[in-house]
Amino acid sequence: MEIKNIKDSNFEKFISMNLHKFNRENCEWILKNTEEIPTKINYCNFGVYDNGNLIGGAVGYIEWNWFFLDQLWIEKEYRKSGIGTKIINKIEEYAKKNNLLGIRMETWSFQARGFYEKMGYNVYATFEDCPPGTIDYFLRKRF
């Protein structure tokens, strides 16, 4: 037996296909709701503009009937002005309209954990030293 480091998209597809087959055979929800290998679908990005200039926004996608908030950023001089709250409210509105179970996200210890908690999100896991000296918080809000 030999283990090799492989950088080949066909290899990745092979592993993904076989893992998905196993998951479909063992998870009733996947069996009923997906036919193909799942992908990040319905990218849903929200941009905020001031006088035509992009000053912030959010990047997210739907997977497994959840909205994954992948990134949220606001230009420094616009922070603490309510823009973040408006973006989160828009994302929640979108998620509810699409009958999603909730929203998931990550934030580092020097970012916006307190903001998300004020918006009703709960920490469900932490990952220390990723990156080193930082805590990665995993948050969610179920509807």
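Me: I am new to this structure. What share of the 143 residues of the protein chain counts as buried?

Reply: In this predicted model, 27% of the 143 residues of the protein chain count as buried. Buried here means under 20% relative accessible area.

Me: Now the overall form. How does the radius of gyration of the protein chain stand against that of a compact globule of 143 residues?

Reply: A compact globule with 143 residues would come out near 15 Å. The protein chain has 18 Å. For the extent, look along the principal axes: the C-alpha trace spans about 55 × 40 × 30 Å.

Me: Which elements make up the secondary structure, and in what order do they run?

Reply: There are 4 helices and 6 strands in the protein chain. Read from the N terminus, the order is α-α-β-β-β-α-β-α-β-β.

Me: What part of the contacts links residues 24 or more positions apart?

Reply: Take the contacts with a separation of 6 or more. Residues 24 or more positions apart account for 44% of them. A contact means heavy atoms within 4.5 Å.

Me: Next, the charges. How many are positive, how many are negative, and how far apart are their mean positions?

Reply: The protein chain has 20 positive and 19 negative charges. Their mean positions are 5 Å apart.

Me: Now the backbone. What is the general idea for phi and for peptide bonds?

Reply: Most residues other than glycine have a negative phi, and most peptide bonds are trans.

Me: What is phi in Trp64 and in Asn65?

Reply: Trp64 has a positive phi, near 60 degrees. Asn65 has a positive phi too, near 65 degrees. Neither residue is glycine.

Me: Where do Trp64 and Asn65 lie?

Reply: Trp64 is in the loop between strand E2 (53-63) and strand E3 (66-74). Asn65 also lies in the loop between E2 and E3.

Me: Why do Trp64 and Asn65 count as partly exposed?

Reply: Partly exposed runs between the buried cut-off, under 20%, and the exposed one, over 50%. Trp64 counts as partly exposed because its relative accessibility is 32%. Asn65 counts as partly exposed because its relative accessibility is 24%.

Notes
Residues are numbered from 1 along each chain as its sequence is written. This is a predicted model: local features need pLDDT of at least 70, side-chain atom pairs count only at pLDDT 80 or more; totals for chains, interfaces and linings use all residues. Side-chain values use heavy atoms; hydrogens and water are left out. Helices (H or I, at least four residues) and strands (E, at least two) are DSSP runs, numbered from the N terminus. The radius of gyration is taken over C-alpha atoms; the globule rule is 2.2 Å times the number of residues to the power 0.38. Buried means under 20% relative accessible area, exposed over 50%, partly exposed in between (1.4 Å probe, protein chains only). Lys and Arg count as positive and Asp and Glu as negative; His and the chain ends are not counted. The place of a charge is taken as NZ of Lys, CZ of Arg, CG of Asp or CD of Glu.
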